[in-house]
Structure formats: structure tokens, C-alpha cells
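Subject: Structure handover

Hi,

Here is the structure I promised to pass on. Please open it beside this email, then read my notes below.

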Amino acid sequence: MRVMITIQHPGHVHFFRHAIAELENRGHEIHVFARESDVAVQLLEAYDIDHEVLAGDADSLVSLAAVQATYELRLLQRARRLEPDVITAIGGVAAAHVASVVGAKSLVFYDTEHATLVTKLSYPFADAISTPECYRDDIGPKQVTYPGYHELAYLHPERFEPDPTVLEAVGLAPEESFAVVRLSSWAASHDVGHGGFDDPHAVVDRLEAAGLRVLLTAEGEPPAALESYQFTTAPERMHDLLASADVVLSEGATTAAEAAVLGTPAVYVNPLSLGYTAELDAEYGLLFEYTGEERHVRGLERAVSVLAEPDDTWARRRERLLADRIDVTDLVVQQLETIAQTRTADRPAPAANPDRS
């Protein structure tokens, strides 16, 4: 089986990296293509994943359109040369478009209902669309659902064991209580017109008043007065830090969900609810979603209140989640092999050789 994987976000690297290794161990041929986006290429290099960068980063919606067009054109050129059985991606705009041109199958993974621009450009061209069961949209016969979350492709205990030495790397003592605060850039197409915390300075002040050391991570530049709170560590060690935190506050859904599946209580402050953030809140109590007008105040109140919970609360809730949900890497591998078989079955039989008697 020959597979092309497209990477356009750091989270895509995490999602596919174990599947890449497993597929290669099974003898499949894997080709990874990326565009510059935050630390995506840095992560590919850190995990020693062979890849080719096809386009640069975008700093606006206008430049994103140009970058995407460049990326798709170059991906099409590679696909014509490689003749893949399957092209796969998260979101999958380029993957679905290119696969439909070269006769490959396309498998799209997605979990973000409100990213309607992506889904309108991707879903009509995709052969199969794989979503968590909690995904709120009914896509139709192309949709395959599974009991899990993207984050369980790389943070399931079969795939990840936290390394506590990260604490020393960011200047924390082993017994020190701390919170991780994640600020979003609000530059993505589905973020326009939205916001999370009213005032990041107030977030830091409230957490410090509760006795927590605050570690800040931001997409883009943090507020100037908060630069001293921004920590430095290798991007592949971020999950080690989330696993050790007392609480995580995030404007981004991915970081909040990552903390939750690791058993760290997460407060998600964002006007946009998602199927998986709502389920991690209502079903497991590992993530607390605040999307209304009072989201800033209520989110901060919750972040402080979780500190009073018994120490084993979050471990017990995580155990229940893991009993219900799957190792998503296993699913990715199985679905890719299955759809590749349909591609093989669709190929015409070789023409008879008239010279052969």
C-alpha cells in the first residue's frame, strides 16, 4: 500500500506519527508532505519523520488562500509521480481534491463542526470521512464514526507515558503547584469574530492569588506584560507538561482536550462548543466548557475550584474514559488498510498480452 499523508498543523503530526511508524513496520510505503504552520515542521523533525515541505506559512486569510493553492498544486505533482493508493489528512481539503484527480482514495479525519469552510471544500470530494461518535454533524454514507478523540491517537497510555523531568526543564520544583494557560491567536478562518478570555492579565492574577505558578503558551506573541510568564520547552514535550499540571486553562479546544485525556482538569474558554469538548465535560467531567457571555469569570472560578477536589478525582475519571474509548492509532491504521483494499479492487485488470500463447 502506498499512502500520502498531508500535514498542515502541529496537531496533525501528533495524530499521524504512531500510525506512520506502524504502517511502515507493516511494509507499507508512506510519504509525508507538509506546509509550514506554527511548529509542525519542527515536530516532524523532532520525531524523525521523513517529509517534504511544499509551502510556507500564512499570516492572514488572504495569504492562506495563496499558500493553499501552492500546496495543492505541488501535492498534485507529487501524487502524479507516486501514484498513491490513499491520500489522508485531518480536514483534508488538499488531500481530497488531489486524490479525486489522480484516482486515489481519500480518507479524511475531522472533529471540528464549526470549521464549515474546510468541510465545504473537503467533504464533497472525500471517499470516506472518519469522525468521533460525538461529532454533531451527520455527513451521510461517507461518514464512519468511532468511540474516541483525535487526542487518543497519541495520548492513549499505549502510546504515551509522561516524563516528569520536564518540570526541571521549565524551572519548576517537583512539588510546585502550577497552571498552564493557552492563548489562541484567533486567526483561523473559523475563529474570526470570536474571542476567549476578556483579559489574560486577570487570568494570571487570579491563578497566582490561588497559589499557582502560571506558565503561559500562546499562538503568536503573548501580551507584552505577560512575556515573563511564557515558558520555553521543546514542542514535543508539551504533553509531559500538561500531564503534570494542576489545571489547564485554554482558549484552544485541542490543548484542553489533551489535558483532559491525560487526567488533568481542563477549563475551555471559547464561544465555540464542539462535540468532543461537550462530551468530555458532560460525560467525564475532565473538561469544563464555558462558551457564554460570562465565560471568562465562570472559567476562572472553575479553574480555582478544581484545586479543592480530592487528589484521585481526575485519575478515576480518566480511567472511566479510557475504559470507554479506543486507541485511535489502531483505528487509523485499520481504516487506511481497508480503504486501500477498495482502491486495489477498483483497478482494472491488466490487459491481455496478444503475443502470449
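Start with Glu83. Glu83 is exposed, because its relative accessible area is 53% and the cut-off for exposed is over 50%. Keep in mind that this is a predicted model.

Where does Glu83 lie? The residue sits in the loop that links helix H3 (61–82) with strand E4 (86–90). Its backbone deserves a look too. Phi of Glu83 is near 50 degrees, a positive value, and the residue is not a glycine.

Asp38 comes next. Its phi is near 55 degrees, again positive in a residue other than glycine. Look for Asp38 in the loop between strand E2 (29–35) and helix H2 (40–46).

His28 is in the loop between helix H1 (10–25) and E2. Is His28 buried or exposed? His28 counts as buried, because its relative accessibility is 18% and buried means under 20%. Its side chain also has a partner. The side chains of His28 and Glu337 make a polar contact at 2.8 Å.

Last, the surface charge. There is a patch of negative charge on the surface. Its members are Asp198, Asp199, Asp205, Glu208, Glu293, Glu294 and Glu301. Take Asp199 from that group. Asp199 is in the loop between strand E8 (178–183) and helix H7 (200–209). With a relative accessible area of 33%, Asp199 is partly exposed.

Best wishes

Terms used: Residues numbered from 1 in each chain as written. Predicted model: local features only at pLDDT ≥ 70, side-chain atom pairs only at ≥ 80, totals over all residues. Heavy atoms only, no water. Patch = residues over 30% accessible without salt bridge, like charges linked within 9 Å, V, L, I, M, F, W, Y side chains within 5 Å. Areas by Shrake-Rupley, 256 points an atom, 1.4 Å probe, with all protein chains shown as cover. Salt bridge = Lys/Arg side-chain N within 4 Å of Asp/Glu carboxyl O. Lys, Arg positive; Asp, Glu negative; His and termini not counted. Charge placed at Lys NZ, Arg CZ, Asp CG, Glu CD. Helix = DSSP H or I, 4+ residues; strand = E, 2+ residues; numbered from the N terminus. Buried < 20%, exposed > 50% of the residue type's maximum accessible area, 1.4 Å probe, protein only. Polar contact = N/O pair within 3.5 Å; in protein donor to acceptor, adjacent residues only side chain to side chain.
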